There are 2 protein chains.
Amino acid sequence: MTTEKIPDIIIGRLPIYLRALQRLSDSGTQTTSSQELGGIVGISAAQIRKDISQFGEFGKQGTGYEIHYLIEKLRDILQVNRVWEVVIVGMGDIGHALAHYNGFANRGFHVSMVFDNDPKKIGDTAGDFEVFDSAHMIEKIKGHKIKVAMITVPATSAQSVADQLVKAGVKAILNYAPISLTAPEDVRVQYIDPVTHLQRMTYYL
Amino acid sequence: MTTEKIPDIIIGRLPIYLRALQRLSDSGTQTTSSQELGGIVGISAAQIRKDISQFGEFGKQGTGYEIHYLIEKLRDILQVNRVWEVVIVGMGDIGHALAHYNGFANRGFHVSMVFDNDPKKIGDTAGDFEVFDSAHMIEKIKGHKIKVAMITVPATSAQSVADQLVKAGVKAILNYAPISLTAPEDVRVQYIDPVTHLQRMTYYL
């Protein structure tokens, strides 16, 4: 596949375009231009045209992009034209916030199980979920063939949780713990750490 | 300043290096190499050397980087060798999680005020904070000369909150609402949206 060679930095921008296009579509807009899209997401029109053209010819000179069509194409490319089941490990504040989060629907993800190792939390409910004992995490994830997980445990436990997720067959981990994880090459890891985002901005202040 | 021209993508990697270096330092390690650092953060040693060399000569051939010195330099560059006061707007699940988050300390940030517009939440406590009425947000932020804010309100209110923060003099906004914000050129905006991170990974599955 030629798409294998597309730089990850470009792949990382596609979800941003998709989110903006979906909002335009929700507001009833049917076509857009790289200029308009660029204004919304804060990326140059030239960069957007270049990024999107990596995957084919989706726009027309003069008329721009047909939004519904481009959304479908981006969903195809990112493989979110289906629903991925997701588990959350760690039912602290952030785990709870994610269990309640209504922003996953229609964007390719559905939380299907949540885990914790605290006896006081196991059996409780978080959002629509019963909190399962993380001791049974590997078998449960394997049994449901789940490939996507979010880690919201403290930094000290994050690597051992990640190791178990890898054993269970998980291939994509979104890590909220403020620590860099080690994982096999075929497992993708992304990080959410508010401080790194804040530090990236204070450079400019 | 020559540093003005350093690409933002490089600035974005410095907090990742800083986090890894601080963990090495916490574990008692005194020197490191671009190879070791690269293994921890998942970035090539060549890239790390290139990134760091943009700011001067911090490593020595054969002995690598003196961790404490490099931490101090990175903190200087990112301007987190001081404490930035931060406000949180929106006391839902994520706002609460951030108000309780203990990962800001020693990394350059301190939450000093939290706001909401819900009469049921105003006056309540979240973490160590009293929830203030967001109607008084602009004057309070101006009065304390706060430059950094986190937005954790629903998508529908995020732009109007951002507009108020800009009026109050805020120059760096970390936005958790799943919407791209419009802000003047001298105001930096960073985004945290778990779905964009997840979608960036499903491309590869």
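This is a predicted model: local features need pLDDT of at least 70, side-chain atom pairs count only at pLDDT 80 or more; totals for chains, interfaces and linings use all residues.
**Entry 1**

**Entry 2: Asp193(A) and Arg107(B)**

Next I turned to Asp193(A), and I found that its side chain meets that of Arg107(B) in a salt bridge, at 2.9 Å from N to O. Where do the two residues lie? Arg107(B) is in the loop between helix 5 (93-100) and strand 5 (109-116) of chain B, and Asp193(A) is in the loop between strand 10 (188-191) and helix 8 (194-202) of chain A, so this pair also joins two chains. I recorded both Arg107(B) and Asp193(A) as buried.

**Entry 3: a pair in chain B, and a network**

I also looked up Lys121(B) and Asp116(B), whose side chains meet in a salt bridge at 4.0 Å from N to O. Lys121(B) is partly exposed, with a relative accessible area of 30%, whereas Asp116(B) counts as buried at 8% relative accessibility. Salt bridges that share partners join Arg19(A), Arg107(A) and Asp193(B) into one network. I counted salt bridges over all chains as well, and the count comes to eleven.

**Entry 4: Gln22(A)**

I stayed with helix 1 of chain A and picked out Gln22(A), which lies in that helix. Gln22(A) counts as buried, at 16% relative accessibility. Which residues is Gln22(A) in contact with, once its neighbours within four places in sequence are left aside? I listed Ile71(A), Arg75(A), Asn106(A) and Arg107(A).

**Entry 5: how the two chains are related**

I then compared the copies, keeping in mind that two copies of a chain are related by a rotation about an axis and a shift along it. Here a rotation of 180 degrees, with 0.0 Å of shift along its axis, superposes chain B on chain A with an RMSD of 0.0 Å. I wrote this down as the relation of a two-fold axis. The same surface serves both copies, since 100% of the contact residues of chain B recur in chain A.

**Entry 6: chain A as a whole**

Last, I looked up the overall values for chain A, which has eight helices and ten strands. Its C-alpha atoms fill a box of roughly 60 × 40 × 35 Å, taken along the principal axes. How many of the 205 residues of chain A count as buried? I noted 50% of them. The accessible surface of chain A comes to about 9,800 Å², and 50% of that surface belongs to carbon and sulfur atoms. Among contacts in chain A between residues at least 6 apart in sequence, 57% join residues at least 24 apart.

Definitions and conventions: Residues are numbered from 1 along each chain as its sequence is written. Chains are lettered from A and ligands numbered from 1 in the order in which they are written. Side-chain values use heavy atoms; hydrogens and water are left out. Copies are superposed by least squares on the C-alpha atoms of residues with pLDDT of at least 70 in both. Contact means heavy atoms within 4.5 Å. Helices (H or I, at least four residues) and strands (E, at least two) are DSSP runs, numbered from the N terminus. Buried means under 20% relative accessible area, exposed over 50%, partly exposed in between (1.4 Å probe, protein chains only). Accessible areas come from the Shrake-Rupley method with a 1.4 Å probe; for residues, only the protein chains shown count as cover.
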